[in-house]
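Work through the exercises below with the sequence and the 3D structure in view. Each task is followed by a solution in steps.

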Amino acid sequence: MTPPPVPTLHHFESVAERYDLILCDVWGVLHDGRRAHVAAGEALIRFRALPGRRVILVSNAPRPWPGVQTILDGYGVPREAYDAILTSGDLTRRLIAEHPGERVHHLGPERDAPIFEGLDLTLVPGEDAQRVVCTGLFDDDTETADDYRETLADFRARNVPMICANPDLVVERDKKLIPCAGLIAQAYEAIGGAVVYAGKPYRPVYETALKMAGELAGGPAPEIARTVAVGDAIRTDIAGAAAYGIPSILVARGIHAEELGVTADHHSLGDIAGWLSRQPVRPDAVIERLVW
């Protein structure tokens, strides 16, 4: 049986009354890696103005939430648009804390170093590591996962486990797709390396976000049916929500924009039904941008 078509929303307001909680992606939804999407921030502010509504930003950023908030401030995303932030960096810190006193190698750029602050570990060169934490590529403007082939082979030869602090494969930055830590983690798994992922689409991030929402409300976690995940990535935002049973809305003007025909010169969603039929999972709705 052919599944019913996925509805296209023109305004989030048309479905806002269905939900008490938005789990909102950050990169590609609230900003493009350089500047805020103003209308998206305004939409979240309008939602939060409704009685009992809350917004938690859920990001695969490989750094603790205060660092992400600083970035959002710089891009012009208003703090009034959200109640809390949960990052894969926060979840990574919890995973590291489960192995106190370990020798850890940081595979990633220095800007992600705050992920280790205050933890019981020793940062060491790769050859001395008991565990590797991958936060990204050292130079994501020029490198690819192939540049890490020898490094990963050395880790695999010693069976060094990896924590991937950002499961994203790519992220949008100023209308370009930039490779992320997920690509390196995939390459490591492909040669038999052991990887634990922190963040979307994995279950712990949703468990944690719903618990946070309950704490913010001073009561139990919101009903899953009254929660909606908003994001621009099928593989993480939509697949993760679907696996947990959370309704989802795909923002078309994000990392899938070219596939969907939503570019600077073309504003229709093109053959959305055909494109979705080729995806491993479908959202509950599609919206070009998050707007009220």
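Helices (H or I, at least four residues) and strands (E, at least two) are DSSP runs, numbered from the N terminus. The model is predicted, with local features requiring pLDDT of at least 70 and side-chain atom pairs pLDDT 80 or more, while totals for chains, interfaces and linings use all residues. Residues are numbered from 1 along each chain as its sequence is written, and side-chain values use heavy atoms, with hydrogens and water left out.

**Exercise 1. The largest pocket**

Solution. 
- Step 1, terms. On a 1 Å grid over the protein atoms alone, a pocket is an open set of points with protein on both sides within 12 Å along at least five of seven lines; a cavity is a set of points where a 1.4 Å probe fits but cannot get out; lining residues have an atom within 4 Å of a point. Grid points are joined across faces, edges and corners, and a volume is the space filled by probe spheres set on the points.
- Step 3, elements. At least two lining residues come from each of α2, β9 (170–173), β10 (176–179) and α7 (234–244). The largest contribution is that of α7, with four residues.
- Step 4, classes. Ala, Val, Leu, Ile, Met, Phe, Trp, Tyr, Cys and Pro count as nonpolar, Asp, Glu, Lys and Arg as charged, and the others, Gly among them, as polar. The pocket lining then splits into 17 nonpolar, nine polar and 13 charged residues.

**Exercise 2. The largest cavity**

Task: Which residues line the largest cavity?

Solution. 
- Step 1. The structure has one cavity of 30 Å³ or more, and the volume of the largest cavity is about 60 Å³.
- Step 2. Its lining consists of Leu23, Cys24, Asp25, Val58, Lys200, Tyr206, Ala229, Val230, Gly231 and Asp237. Two or more of these residues come from each of β2 and β12 (227–231), and β12 has the largest share, three residues.
- Step 3. By class, six are nonpolar, one is polar and three are charged.

**Exercise 3. Gln69 and Asn159**

Task: Is Gln69 buried or exposed, and is Asn159 buried or exposed?

Solution. 
- Step 1. Buried means under 20% relative accessible area, exposed over 50%, partly exposed in between (1.4 Å probe, protein chains only).
- Step 2. Gln69, in helix α2 (residues 65–75), is buried because its relative accessibility is 14%.
- Step 3. Asn159, in the loop between α4 (149–157) and β8 (162–164), is exposed because its relative accessibility is 57%. Asn159 is not a glycine, yet its phi is positive, about 55°.
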